[in-house]
Amino acid sequence: MTATTNSSSSAVAPVEEITLTIDGLDVSVPKGTLVIRAAETVGIQIPRFCDHPLLKPAGACRQCLVDIATPDREGNLRPMPKPQASCTIEATPGMVVNTQHTSAVAEKAQRGQIEFLLVNHPLDCPVCDKGGECPLQNQAMSNGSATSRFVDIKRTFPKPIKISTQILLDRDRCILCQRCTRFSAEIAGDPFIDLQGRGGGAPGGHGHGLPAQQIGRFDEAILEYTPSGDQGPVESERTGDVVGPYGQAGVLSSVAGSIGGALEDTSGRPFASYFSGNTIQICPVGALTSAAYRFRSRPFDLVSTASIAEHDACGSAIRIDHRRGVVLRRLAGDDPAVNEEWITDKDRFAFAWQTSSDVLTAPLVRDEETGELVPTSWSEAIGLAADGLRRAGDGAGAAALPGGRLTLEDAYAWSKFTRTVLGTNDIDFRARVHSAEEADFLANRVAGSGLDVTFGDLERAPRVLLVGLEPEEEAGTVFLRLRKGMLAGRVQVTTIAPLATRGSTKLRAELVRTAPGEEPSVLDALAGVTGTPEHLADLRAALAEPGTVVLAGERLAGVPGALSALDRLVSAAGARFAWVPRRAGDRGAVEVGLLPGLLPGGRPTAEAEARVDVASVWGVSELPAAPGRDLTGILDAATAGEIDALVVGGIDLEDLPSPAQAEVALAAAGFVVQLEVRRSAVTQHADIVLPIAPTTHKSGTFLNWEGRPRPFGQVFTTSALTDARVLGMLADAVGVDLGTRTLEDIHRELAEFDGWEGPRTAAPAVEATPVPALDAGQVRLATWRLMLDSGRGQDGEPHLAGTAYRPVALLSPATAATLGLAEGDRVRVTGPDGDIVLPVLPTPMGDDVVWLPQHSPGSSVHRTLGATAGAAVRLTAVDAEVAR
Amino acid sequence: MAEQGKGKKPAPGKRSGNQPKRPTASRAPERARPGATPAKAGRAKTPAFDVDSDLDKSGLAEFFAPVAGFGVTMSTLFRPVVTEQYPFEKAPTAPRYHGRHQLNRHPDGLEKCIGCELCAWACPADAIYVEAGNNTPEAQYSPGERYGKVYQINYLRCIFCGLCIEACPTRALTMTNDYELAGTTREKMIFEKDTLLAPLRSGMLAAPHPMVAGLSDGDYYRGDVSGPTTEQVAWVKERRPEDESLSAAGAAATRAAKGGKE
Ligand code: SF4
Ligand code: SF4
Ligand code: SF4
Ligand code: FES
């Protein structure tokens, strides 16, 4: 399956090698290599600022000047008249390059260039966040002059500018290398900042009528344009939380929406980007800094640990920097196979949750008299929990809800604990909309499938079909890779969605507009199961081409029949398939069998052979054979008293299809043990609360959506325990040896589950339920989660929250017009349990659909509306109501 | 020790806590003797140095021999006393003595420290801990964007080398001549901003308050600020009317304003 035709073209074709001379050394490099990189291969470092291996060459900073001579037609060496920028010139055969090490001209050119860069550069190092890790500082030391000949007054700009609530810009320090703008335009596709103005001179248009060349958002006030077009002193808006060198308040950029609606962030600026933090990391000076890390430390204070981001299923490599027991920042790690050098802003900035005040530090038990949770010792808490579970075992039994954020090792312990200690198959990691159909689909297609579709394949597949997946919101790294492949002209993305989002627009994706609930019919049409309508015929043919990749998101579980249809399509098209869930632990949970019908390694619970196999590894005589219940089944059973005890892991009730029903079930359950990092909505129903180590306090492995193990190390030395250790202690107290004491123990056992040859769970074949007709005034609800929303993982980071999309309701212009709503007017969306009021943004989409953010401030769809995607909801205009 | 054991054994515990700290003149020699005497007595008859043979030379010398040893004592009696009566009289140090650090202020009372951590970086003993903070219009502690929010020097680590004050770009950190650095706990030996920050000299206005209008942090470093302005005083008066530095600073500011007009 991995040997497909598409992955070959660039890799297999022999690349012509050429030979050139750099500083007297003969160097052979593939044709097309830039001189600066050819020099790197022999350990010659040419100073540079604008050059970045993942960005297109720009030649903006001129720091990498070297002396170059090339042979002419007759083979005589012809020196170029002036030093050349080595980051923009490709090596050619016979070229002779002399860098600063061997050429006085190159050396002088570089020294002069540093002097030029420093002419208007402020003496900010002591107050600059980049100080200590600044390429300009370093290269001024290594390749610059000790003194400057510049005696005049330096040009200054008002600073700092708050580009967004998170990103601060200091134009004085900018050396106009354009790494930030190239990243924004080329990689992220969000050109939220760009180069503006021309030449030197004044910050505004004084003098020559044009503002000085600078980075910015084309903000009239900052460029000092008055609305009439005259120039003059224009007051820009000021911010109260930072000051500049004159003690004046910092400048706010682009507030008060110059462009409309959904493109605004919650602070009222035009939406910047989910990837804006990368510009801070690649800025070679301290011009771009983050509000969260501003002045927090110096590089020599920081202890760095390589780690893996916990916010999505991509498993992006990150670096965690901490000082005296406090994480101060996270940076993108460098992993060419996964996230290259980019991460999402959520992965970068959302780490305060691990130190929020509601983090549990001691076990809690419910005091019998007061009914309050009181801190206690581990031994008492474990003893009481074991007693409760033993009682439940004698009674109606217990069930486990581990949640989808576990490491592979912890998930494995949950799986083993549930089967061997609780003696049940009532376990489900899915704390979200789910179905039995999905469980079968995952058991059939995903469990035990190993590493198949990779990030690299996404860059090369001729066609990628997205179903129920918004990569920019749900898996940022997938989005970046698809975009990279699309820009390289290799990938055509097609998405089956109710509307073209900003993300799919940036992927230039072909949209198959599909109202929520209608996915099965579209998928079947594409698979040729039903007749293929004309407008889908081309797509159907394209999908059948070799190399097609189909990516499905977890949301598809909410549409009965969708995953069955998807299975038929993937088989019919002969495409490769990957499931891209939202949570870091989802894929691992499938692999270790945190599903009612699944044991580790893709073994179906229903197969006696599989049970015997697993039982022998676990050293138990037999495993429970009775089919288990899924999350909804478990909660219903708990409500009905058919389950006595619940062991609950890291689940967020807001994600569940019905948070209210879950609360009823938790209240009804006789005995609830919670294993959590922080207090949550489950805590108030828990009888025993056992604190779990946050990711910085443990080591482990996330399995990303590819199925690639992403091991990460421990940042802090701590006595906090992992799920595996706590479950091991619980098992000990019950009298079972779980054998999950160390990661090595777990890995040794996990290795024994490789390679299941026996029968697998059959693919689901669920009939799609016909989409119920809508009454007059009703529309269908489309909803998914945004990357930055009310998720608890983003708690404690207000600067990040300010860069999230402002929650809006998306309607088709026609629907909005029918309701008499213009952009920005508020609409009331009424579901079975309640209503949500949001501003409207008319967007091209189906007339019978409304889209709401699933869990953003003011729009918690599952809880407030009591409805999930596909439900019929009613729309009313709020302002009209008021008028009446 | 073993030899001493043969002599008079001091009562156990006598030499520690309940003993007076400075042994009296009469008891100290006694204490030393018992151990030493038997050892010497047991050794050879040849004295360690040949006093007798020197003195043999003259009768006068022989006459003074019994008191010759007091010569040094006698001559010293008439020399100036070098003993320092330390806790009662404090001897002045050399002017550049490296004593306790001080975080200085600008003449208008703003702190000079910008929290750059260069002192911490320079410190070979890792005695300094700095955490910078973000100045805001409502809380401006130092000129410019950044100030030292947390500043600690651990005097159990500090070796008084002075590298930190050389590193300081703003001359915020200097060393005083104060050498009385003792404490009874480790915690007390970590000095924080409350002890390290220079007290307000008369006429200075307690931070936080805005910078002098129109001046940048650079102007502050160049010494263009001579004291608080009436605007700064008014700002503080509005927000912290009970501030103790207000009256003196107000007077200084008014004086300066008048002086400027004349
Ligand atoms: S960008 Fe670098 S050189 Fe410029 S002020 Fe900051 S640390 Fe200094
Ligand atoms: S802000 Fe930084 S990355 Fe952007 S152009 Fe300026 S120096 Fe380069
Ligand atoms: S005392 Fe000086 S060197 Fe130390 S942090 Fe403050 S300004 Fe920087
Ligand atoms: S690195 Fe070559 S011009 Fe900037």
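In this predicted model, 25 residues of chain B touch 27 residues of chain A. The size of an interface is often given as the accessible area lost when the parts come together. Here chains B and A bury about 2100 Å² between them, and 57% of that area sits on carbon and sulfur atoms. On the chain B side, the residues that lose the most area to chain A are W121(B), E145(B) and R146(B), which together account for 33% of what that side buries.

Now for the polar part of the picture. The rule finds five salt bridges across the interface of chain B and chain A. In one salt bridge, R323(A) pairs with E117(B), with the closest N and O atoms 3.4 Å apart. Polar contacts across the interface of chain B and chain A come to nine residue pairs, both partners being at pLDDT 80 or more.

Which elements of chain B give two or more residues to the side that touches chain A? They are α6 (118-122), β2 (128-134) and β3 (146-154) of chain B. Of these, β2(B) gives the most, with six residues. Sorted by class, the side of chain B that touches chain A has 11 nonpolar, nine polar and five charged residues.

Finally, turn to ligand 3. Its surroundings include C113(B), C116(B), C119(B) and C168(B), along with L103(B), Y151(B) and P169(B), among others. E117(B), the salt-bridge partner of R323(A), is also one of the residues around ligand 3. The shell around ligand 3 divides into nine nonpolar residues, two polar and one charged.

Notes
Residues numbered from 1 in each chain as written. Chains lettered and ligands numbered in written order. Predicted model: local features only at pLDDT ≥ 70, side-chain atom pairs only at ≥ 80, totals over all residues. Heavy atoms only, no water. Contact = heavy atoms within 4.5 Å. Buried area = accessible area lost by both parts, 1.4 Å probe. Salt bridge = Lys/Arg side-chain N within 4 Å of Asp/Glu carboxyl O. Polar contact = N/O pair within 3.5 Å; in protein donor to acceptor, adjacent residues only side chain to side chain. Helix = DSSP H or I, 4+ residues; strand = E, 2+ residues; numbered from the N terminus. Nonpolar A, V, L, I, M, F, W, Y, C, P; charged D, E, K, R; others polar. Near = heavy atom within 4 Å.
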